[in-house]
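Open your viewer and have the selection tool ready. We will take a short walk through this model, one stop at a time.

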Amino acid sequence: MAQRMTSPERMMAVMSGQKPDRVPVVPFALGYSSKILGISLGDWYADGNKCFEAQLASMRLHGYEETPMYGYASCGAWEFGGKIGFPYGKGQGAPYVIEHPVKNIDDIENLSVPDFKDSLPGAYKEADKLASRCAEFGMPVSIQVGSVFTTASVVADTSDFLTWIMMEPKSVHVLLSKVADMFINAIDYFADKYGAENLLPFDGGPSESNTMISPDMFGEFAFPYMKRIHSHMKELGVHAVLMHPCANQNGNIPYYVKMRDELGWAGKYVWLFGPETPVSSQVKAFGDHDVVCGNIDPSLFITKSYEELVEICRQNILEGKDSPSGFILAPGCEFPVGAPPIKLMAMMDAAEKYGRYE
């Protein structure tokens, strides 16, 4: 049996194409970690230092392999001058948009792109606090750099944005280009401060799912801007990117494959698809060169018992464990904030029992 590894050694093995002692576990326990530290979810998002401390405490308690990160699906509205609210209210699970900076089609032309020079825009102030703590601990610096499409869909009201795709496509491309410019500026800032080789950017969002747009629309409105972001990261020397195509994106997989092929990038993608995409499909598309993650339905961590979850995790591990370029046990999206700790323990216990490499 392989020698027992530490969590950093385990992830280093997977990211370098080697076999670890067991399948790593990345539960994407973001907001969940707030209760481990004993703070409110609102404070978790409003204070980058508390956000880091909560995730570090949860990592130490459970023993999983996950780099602390800061981000949320409504990224972009605050950064472009709108208003957001932090989740202090009952039932709120993440920051939400109070006021969109783009209220009508004419606002797009007047939208100023944050340049990250004099001060960091919106949530990037808190993200930078977390990033500096990660750097102090020798952890990868994980920053939000996408998706351009999803971010544009919250800079404007989502329903308006989707209507404009059909009625005002030229203006939509202008908005998408400005959002891409913001992410390029963010990448440049964090790469300059922490070193491109130390970054683990994350990209992904739900608005480009096939329940919202067709694969052809993805090819026209999402793919070019995603490719631009990733081409820039490659040029800077970023080694790995966490990709989270959220919700049903089965029809978009050919574009994700195309992006890697056209970039000719030798780095690693870590693919985290939703439960709608079988692990076997991910292994077929990406397993020869990238790390594939599990896709356990996050809601099951609320509805299923510990014993049932261990079995669900066992099946997930068996599906992906032998993926040629590495596998990580994970849910298909963020671990539920309200799930009890024993449900996360089920992931750890399954990895120890069924995820060992001989």
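Leaving aside its neighbours within four places in sequence, Glu352 has contacts with Arg4 and Arg22, so please select these three residues to begin; bear in mind that the model is predicted. Glu352 belongs to helix α14, which covers residues 341–354.

Now draw the line from Glu352 to Arg22. The two are 330 residues apart in sequence, yet their C-alpha atoms lie 6.9 Å apart in space. Show the side chains as well, and you will find a polar contact of 3.0 Å between that of Glu352 and that of Arg22. Is Glu352 buried, partly exposed or exposed? Its relative accessible area is 29%, which means that it counts as partly exposed.

Next, move to the largest pocket, with a volume of about 910 Å³. To centre your view, select Met11, Thr67, Met139, Pro140 and Leu200, the nearest to the pocket's centre among its 35 lining residues. Colour α1 (7–15), α4 (48–62), β4 (240–243) and β5 (268–271): each supplies at least two residues of this lining. The top contributor is α1, with 6 residues. Colouring by class gives 23 nonpolar, 6 polar and 6 charged lining residues.

The last stop is the second largest pocket, at about 450 Å³. Here 25 residues form the lining, and Tyr72, Ala73, Phe202, His244 and Cys333 are the ones nearest the centre.

Methods
Residues are numbered from 1 along each chain as its sequence is written. This is a predicted model: local features need pLDDT of at least 70, side-chain atom pairs count only at pLDDT 80 or more; totals for chains, interfaces and linings use all residues. Side-chain values use heavy atoms; hydrogens and water are left out. Helices (H or I, at least four residues) and strands (E, at least two) are DSSP runs, numbered from the N terminus. Buried means under 20% relative accessible area, exposed over 50%, partly exposed in between (1.4 Å probe, protein chains only). Contact means heavy atoms within 4.5 Å. A polar contact is a pair of N or O atoms within 3.5 Å; within protein, one must be able to donate a hydrogen and the other to accept it, and residues adjacent in sequence count only if both atoms are side-chain atoms. On a 1 Å grid over the protein atoms alone, a cavity is a set of points where a 1.4 Å probe fits but cannot get out, and a pocket is an open set with protein on both sides within 12 Å along at least five of seven lines; lining residues have an atom within 4 Å of a point. Grid points are joined across faces, edges and corners, and a volume is the space filled by probe spheres set on the points. Ala, Val, Leu, Ile, Met, Phe, Trp, Tyr, Cys and Pro count as nonpolar, Asp, Glu, Lys and Arg as charged, and the others, Gly among them, as polar.
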